[in-house]
Amino acid sequence: DIQRDAGRVVAVRTSRGDCRPRHLVLCTGHEASLPAGVLRPVWGQLIATDPLPPMMKCTIGGSFLTLQLKTGEVVTGGTQAEGSNLVPDAELSAKLAEGARQLLPGVADLPFTRAWCGVRSTTRDGLPLIDRAPGVANEWLAIGHHRNGLLLAPATAELLARWLLTDDQPEELQGFGLRRLLG
């Protein structure tokens with residue numbers, strides 16, 4: 001829980017007790033408390049085999065991306081659909097498996113034993129939202145990165161840290177504010 005008072009975050013309640021941050025950066029995705037329509041959830045599904053001996057050295061692109069993790073599982077998927085579905089679809093799993101089997105004859109007879117879904121948030125213009133939270137002086141937003149969150153995390157963190165420390169918005173972030181998504 002986040003406790004706010006007089007336009008400031010005063011405490012964050014966690015399972016290990018309260019903390020009193022000087023600044024709070026929310027990276028919570030589509031469930032952030034924002035006006036309707038600012039963020040939308042996009043879900044995707046992946047499937048995986050049990051661990052296998054090494055057979056792939058790189059990611060292969062076909063109908064879906066297919067790669068082998070260091071742990072040996074062959075993973076494929078990367079679908080995108082509006083919504084926040086977290087229940088794998090058996091028909092979609094079969095379609096993903098067929099796409100991987102067409103690319104990789106070595107998995108033709110192997111079962112894909114695991115399926116899962118994940119949700120990412122995005123904005124309607126596809127750009128991340130990096131800004132102060134409305135009406136809260138020490139709360140910041142770094143959300144809506146969609147599928148580029150891990151790739152953009154270092155740059156987002158560096159620029160947002162500069163803003164936090166100097167209270168001067170870096171020029172590079174001026175196009176990523178909330179105002180562009182309202183109205």
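## Thr49 and the overall fold

Apart from neighbours within four places in sequence, Thr49 contacts Gly72, Glu73, Val74, Pro111, Phe112 and Thr113. This description refers to a predicted model. Thr49 belongs to strand S5, which covers residues 39–49. With a relative accessible area of 3%, Thr49 is buried, because buried means under 20%. A polar atom of the Thr49 side chain lies 3.0 Å from the backbone nitrogen of Val74, and Val74 is also one of the contacts listed above.

The protein has 2 helices and 12 strands. Read from the N terminus, the order of elements is β-β-β-β-β-β-β-β-β-α-β-β-β-α. Among contacts between residues at least 6 apart in sequence, 65% join residues at least 24 apart.

An open sheet of 3 strands has the order S4-S12-S11, with mixed pairing. Strands S4 (24–26) and S11 (129–132) are at the edges and have a single partner strand each, so one side of each lacks a neighbour in the sheet. On average, neighbouring strands of this sheet are turned by 15 degrees against each other, direction ignored. S11 pairs with strand S12 (residues 139–143) in the antiparallel sense, over 4 bridges. Within this sheet, Ile130 has Ala142 in S12 as its bridge partner.

Values for the whole protein are as follows.

| Property of the protein | Value |
|---|---|
| Radius of gyration | 20 Å |
| Span of the C-alpha trace along the principal axes | about 60 × 35 × 30 Å |

A compact globule of 183 residues would have a radius of gyration near 16 Å, against 20 Å here.

Notes:
Residues numbered from 1 in each chain as written. Predicted model: local features only at pLDDT ≥ 70, side-chain atom pairs only at ≥ 80, totals over all residues. Heavy atoms only, no water. Pairing = 2+ DSSP bridges. Axes fitted to C-alpha atoms, helices over the stretch in contact; angles between N-to-C directions. Buried < 20%, exposed > 50% of the residue type's maximum accessible area, 1.4 Å probe, protein only. Polar contact = N/O pair within 3.5 Å; in protein donor to acceptor, adjacent residues only side chain to side chain. Contact = heavy atoms within 4.5 Å. Rg over C-alpha atoms; globule rule 2.2 N^0.38 Å.
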